[in-house]
Amino acid sequence: MEKNIAEIRQDYVRHSLRKKDVDQDPIKQFQKWLTEALTAEVREATAMNMATVSEQGVPSSRILLLKDVNENGFVFYTNYQSSKARELEHNPSTALTFFWPELERQVRIQGIVKKVSKEESEEYFRSRPKGSQIGAWASPQSSVISNREILEERERTLQEKFKDVEVLPKPEQWGGYIAEPFLIEFWQGRASRLHDRLVYTREDKTWKIDRLAP
């Protein structure tokens with residue numbers, strides 16, 4: 001490499017994070033930070049890294065888009081036959097990470113994943129653009145395919161099949177999950193790598209807040 005990546009450094013000086021300033025409810029605190037990220041026009045502010053673990057104990061992760069956050073947790077949608085869905089079937093534990101570099105912030109979440117109701121999945125599916133609805137039907141997500149033309153041919157076939165249909169029915173193999181958190185950590189970059197870290201840990205129906213060393 002032409003540039004020594006070990007020499008790349010960025011000092012963080014934009015914000016601070018103190019216990020007296022945060023909401024006692026981490027979901028509300030997350031919603032506040034997400035709103036600030038959206039207002040600041042952070043690119044892909046709803047993008048999150050999601051980790052799962054295979055039956056053999058091998059971790060994997062990928063980027064997904066958050067589609068809702070409510071008092072119960074963090075909602076996303078996917079193919080129920082995908083590799084992540086199969087891993088969640090075996091072990092419903094997950095870890096989510098949001099990173100908003102423009103605000104020098106990160107949020108780390110640990111939780112248990114459950115399927116949302118079929119009605120909730122259908123409602124969200126109906127709200128998607130028709131092209132995205134067709135894409136959900138066309139892709140056998142995580143399956144090995146010999147070439148891209150297979151997907152393109154399936155897409156053309158489905159476009160013809162549903163050309164007179166404004167809203168497609170939801171595929172049975174597609175739907176939503178909610179990650180119900182038991183730990184949420186808020187990280188705010190600070191100067192000299194002395195970052196602010198506040199971690200919320202669920203204790204029954206309340207949350208305990210602790211400061212962690214960076």
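This is a predicted model: local features need pLDDT of at least 70, side-chain atom pairs count only at pLDDT 80 or more; totals for chains, interfaces and linings use all residues.
Biologist: OK. Is D204 buried or exposed?
Modeller: Exposed: D204 has a relative accessible area of 72%. The cut-off for exposed is over 50%, so D204 qualifies.

Biologist: And what is phi of D204 near?
Modeller: Near 60 degrees, a positive value in a residue other than glycine. In general, most residues other than glycine have a negative phi.

Biologist: What about S192, what's phi there?
Modeller: Also a positive value: phi of S192 is near 60 degrees, and S192 is not a glycine. You'll find S192 in the loop between β7 and β8, the latter being residues 196–203. S192 is exposed, at a relative accessible area of 57%.

Biologist: Which UniProt feature is placed at residues 174–214?
Modeller: UniProt, in an unreviewed entry, places "domain: Pyridoxine 5'-phosphate oxidase dimerisation C-terminal" at 174–214. In the model, that span is 71% strand and 0% helix, and its end C-alpha atoms lie 40 Å apart.

Biologist: And which feature is at residues 34–152?
Modeller: The unreviewed UniProt entry has "domain: Pyridoxamine 5'-phosphate oxidase N-terminal" there. Over residues 34–152 the chain is 32% helix and 36% strand, with the end C-alpha atoms 36 Å apart.

Biologist: Zooming out, how many helices and strands does the protein have?
Modeller: Five helices and nine strands. The C-alpha trace spans about 60 × 55 × 40 Å along its principal axes.

Biologist: What share of the residues is buried?
Modeller: Buried residues make up 38% of the 214 residues in the protein. The protein exposes about 12,900 Å², and carbon and sulfur atoms supply 48% of that area.

Biologist: What share of the contacts comes from residues 24 or more positions apart?
Modeller: 65%, counting contacts in the protein with a separation of 6 or more.

Biologist: Let's do helices. Which residues of α2 are buried?
Modeller: Helix α2 runs over residues 83–90, and K84, A85, E87 and L88 are the buried ones. Looking down the axis of α2, the buried residues fall within an arc of 160 degrees, so they line one face of the helix.

Biologist: What do the buried residues of α2 pack against?
Modeller: Strands: β1 (47–53), β2 (59–65), β4 (73–79), β5 (93–100), β6 (105–115) and β7 (174–188).

Biologist: And which residues are buried in α3?
Modeller: In α3, residues 118–127, those are S121, Y124 and F125. The three cover an arc of only 105 degrees around the axis, which puts them on the same side of α3. The buried residues of α3 pack against β4, α4 and β7.

Biologist: Which exposed residues sit on the face of α3 turned away from its buried side?
Modeller: E119, E123 and S127.

Biologist: New topic, aromatics. How many aromatic pairs are there?
Modeller: A search of the whole structure finds 14. Take F30 and F74: their ring centres are 5.0 Å apart and their planes are at 90 degrees, so the pair is edge-to-face. The pair links distant parts of the chain, with F30 in helix α1 (residues 26–39) and F74 in strand β4, 44 residues apart.

Biologist: Are F30 and F74 buried or exposed?
Modeller: Buried: F30 has a relative accessible area of 0%, and F74 is at 0% too. Ring pairs also link F30, F74, F98 and W100 into a cluster.

Biologist: How are the rings of W137 and F162 arranged?
Modeller: They form a tilted pair, 6.0 Å centre to centre, with 45 degrees between the planes. W137 lies in helix α4 (residues 130–138) and F162 in the loop between α5 (148–161) and β7, so the pair ties together parts that are 25 residues apart in sequence. W137 counts as partly exposed at 25% relative accessibility, while F162 counts as buried at 8%.

Biologist: Last one: what sits over the ring of Y80?
Modeller: The charged end of K115, 4.1 Å from the centre of that ring.

How values were computed:
Residues are numbered from 1 along each chain as its sequence is written. Side-chain values use heavy atoms; hydrogens and water are left out. Buried means under 20% relative accessible area, exposed over 50%, partly exposed in between (1.4 Å probe, protein chains only). Helices (H or I, at least four residues) and strands (E, at least two) are DSSP runs, numbered from the N terminus. The arc is that of the directions from the helix axis to the C-beta atoms. Contact means heavy atoms within 4.5 Å. Rings of Phe, Tyr and Trp (its six-membered ring) pair if their centres lie within 6.5 Å; planes under 30 degrees apart count as stacked, over 60 as edge-to-face and the rest as tilted. A charge sits over a ring if NZ of Lys or CZ of Arg is within 6 Å of the ring centre and within 35 degrees of the ring normal. UniProt positions are given in the numbering used here, feature names are shortened, and annotations may be inferred rather than shown by experiment. Accessible areas come from the Shrake-Rupley method with a 1.4 Å probe; for residues, only the protein chains shown count as cover.
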